[in-house]
Amino acid sequence: MGKTLSFVVVVLNSEKSILNCLNAILEQGIDLNTLEVIIVDGNSKDNTVAVCNEFFSKNKMDFKIINNPKKTLSTGWNLAIKNAKGKYIARPDAHAILNKNYISNGIKKLEENIDIAAVGGVLETKSTNFLGDLIATVLSNPIGVGPSLFRIGLTKDIESDTVVYGIYRKTVFEKVGLFNEKLGRNQDIEFHKRVKSKKLKMLTSPDLMAIYYSRSDLKSFVKQSYNNGLWVGKGYGHFRHFIPLFFLISLITSFIISIKLGFLFIVFYTFSVLMSYLYFSKLWNLIKLIISIVLTFFLHISYGFGTLIGKLSLK
């Protein structure tokens with residue numbers, strides 16, 4: 001029997017976050033009899049599957065747990081889509097918490113406008129410690145992530161070239177195909193570029209809010225930034241994603257021309273970042289400002305360097 005919605009979550013050792021993700025289903029303003037939940041597990045070594053089974057034993061709804069031996073996001077998403085019975089497919093991450101009525105608001109927008117192929121929300125970025133909170137600030141500020149609508153926020157529905165935690169018409173996958181399983185990252189960006197190439201529209205809406213937990217230590221933050229940039233360099237990104245590479249090249253070039261010019265470049269960069277945190281983030285604490293500026297520099301350098309290595313690897 002068909003369903004209105006297939007709620008898809010790909011998991012791997014997600015016991016600490018998956019319960020919050022699943023509990024959010026209960027506050028989505030939809031009849032639980034009209035949805036199915038598909039958990040795709042990549043052979044988790046912790047209690048992820050046990051946590052899921054316990055949740056479903058207490059909350060009666062259609063569900064299935066599928067094994068994902070390849071352990072990647074794209075293979076997991078594709079397995080779920082192939083097994084989905086829903087008219088719509090929701091694709092949150094295991095560590096995401098969808099706010100109240102995220103799903104019902106998204107479905108309403110899809111039903112009101114048949115030209116919309118997918119709708120996504122806006123993230124409220126949080127963390128679990130002091131450094132993580134500042135990383136969350138960096139990832140929510142335009143100076144850190146550029147014009148990323150789902151990260152910096154917006155006040156009205158806007159057509160976009162990507163969506164986060166998207167709710168898709170299932171027919172989109174019939175028209176566009178599935179996620180590219182050859183990619184280690186940026187599978188959603190590549191997929192959404194194909195969606196746009198088919199003249200299909202996507203919407204980002206502030207009526208759909210979700211909580212995203214950022215990295216909470218410098219090492220994982222830098223590693224994530226580098227890997228994101230790496231796959232942009234391999235050709236899976238938009239023009240705006242190359243700005244950190246331009247910054248890296250400009251920084252190196254300015255120091256090659258003269259030490260003085262290099263220092264002037266750094267001063268201008270620091271001032272610009274400072275103003276952005278004062279204006280957009282209302283960050284007035286001096287210590288937090290200094291750390292945020294340093295984190296922003298690490299983000300741009302690691303992302304730009306990753307993009308450079310990705311480009312060179314194509315040669």
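**Salt bridges and other contacts**

Analyst: A search of the whole structure turns up 9 salt bridges. Keep in mind that this is a predicted model.

User: Which residue does Lys58 form a salt bridge with?

Analyst: Glu54. The closest N and O atoms of Lys58 and Glu54 are 3.2 Å apart.

User: How far apart are Lys58 and Glu54 in helix H2?

Analyst: They are 4 residues apart in H2 (residues 48-58), so about one helical turn separates them. An α-helix has 3.6 residues a turn, so residues three or four places apart point the same way.

User: Is Lys58 buried or exposed?

Analyst: Lys58 is exposed, at 60% relative accessibility. Glu54 is partly exposed, at 45%.

User: Which residue does Lys196 form a salt bridge with?

Analyst: Lys196 forms one with Glu159, and the closest N and O atoms are 3.2 Å apart. Lys196 sits in helix H9 (residues 187-197) and Glu159 in strand S7 (residues 158-160), so the pair ties together parts that are 37 residues apart in sequence.

User: And what about Arg240 and Asp161?

Analyst: Their side chains meet in a salt bridge, 2.9 Å from N to O. Arg240 is in the loop between helix H10 (218-233) and helix H11 (243-257), while Asp161 is in the loop between S7 and strand S8 (167-169), so this pair ties together parts 79 residues apart in sequence. Arg240 is partly exposed at 23% relative accessibility. Asp161 is partly exposed at 23% too.

User: Which residues are linked in a network of salt bridges?

Analyst: Lys109, Asp157 and Asp207 are linked that way.

User: New topic. How many disulfides are there?

Analyst: The structure holds 0 disulfides.

User: On to rings. How many aromatic pairs does the search find?

Analyst: It finds 17 aromatic pairs across the whole structure. Take Trp231 and Tyr236: their ring centres are 6.4 Å apart and their planes are at 45°, so the pair is tilted. Trp231 is buried at 15% relative accessibility. Tyr236 is partly exposed at 24%.

User: What about Phe239 and Phe246?

Analyst: They form a tilted pair, with 5.8 Å centre to centre and 50° between the planes. Phe239 is exposed, at 62% relative accessibility. Phe246 is partly exposed, at 39%.

User: Which residues do ring pairs link into a cluster?

Analyst: Trp77, Tyr168, Phe173, Phe179 and Phe191.

User: Where does the charged end of Arg151 sit?

Analyst: Over the ring of Tyr212, 5.3 Å from its centre. Back at Trp231, Lys234 lies over the face of that residue, 4.2 Å from the ring centre.

User: Last one. What span should helix H13 have?

Analyst: H13 (residues 286-312) has 27 residues, and at 1.5 Å a residue it should span 39 Å. Its end C-alpha atoms are 39 Å apart, which agrees.

User: What happens at the start of H13?

Analyst: A side-chain oxygen of Asn285 reaches to within 3.0 Å of the backbone nitrogen of Ile287.

Key:
Residues are numbered from 1 along each chain as its sequence is written. This is a predicted model: local features need pLDDT of at least 70, side-chain atom pairs count only at pLDDT 80 or more; totals for chains, interfaces and linings use all residues. Side-chain values use heavy atoms; hydrogens and water are left out. Helices (H or I, at least four residues) and strands (E, at least two) are DSSP runs, numbered from the N terminus. The expected span of a helix is 1.5 Å times one less than its number of residues. A polar contact is a pair of N or O atoms within 3.5 Å; within protein, one must be able to donate a hydrogen and the other to accept it, and residues adjacent in sequence count only if both atoms are side-chain atoms. A disulfide is a pair of cysteine sulfur atoms within 2.5 Å. A salt bridge is a side-chain nitrogen of Lys or Arg within 4 Å of a carboxyl oxygen of Asp or Glu. Buried means under 20% relative accessible area, exposed over 50%, partly exposed in between (1.4 Å probe, protein chains only). Rings of Phe, Tyr and Trp (its six-membered ring) pair if their centres lie within 6.5 Å; planes under 30 degrees apart count as stacked, over 60 as edge-to-face and the rest as tilted. A charge sits over a ring if NZ of Lys or CZ of Arg is within 6 Å of the ring centre and within 35 degrees of the ring normal.
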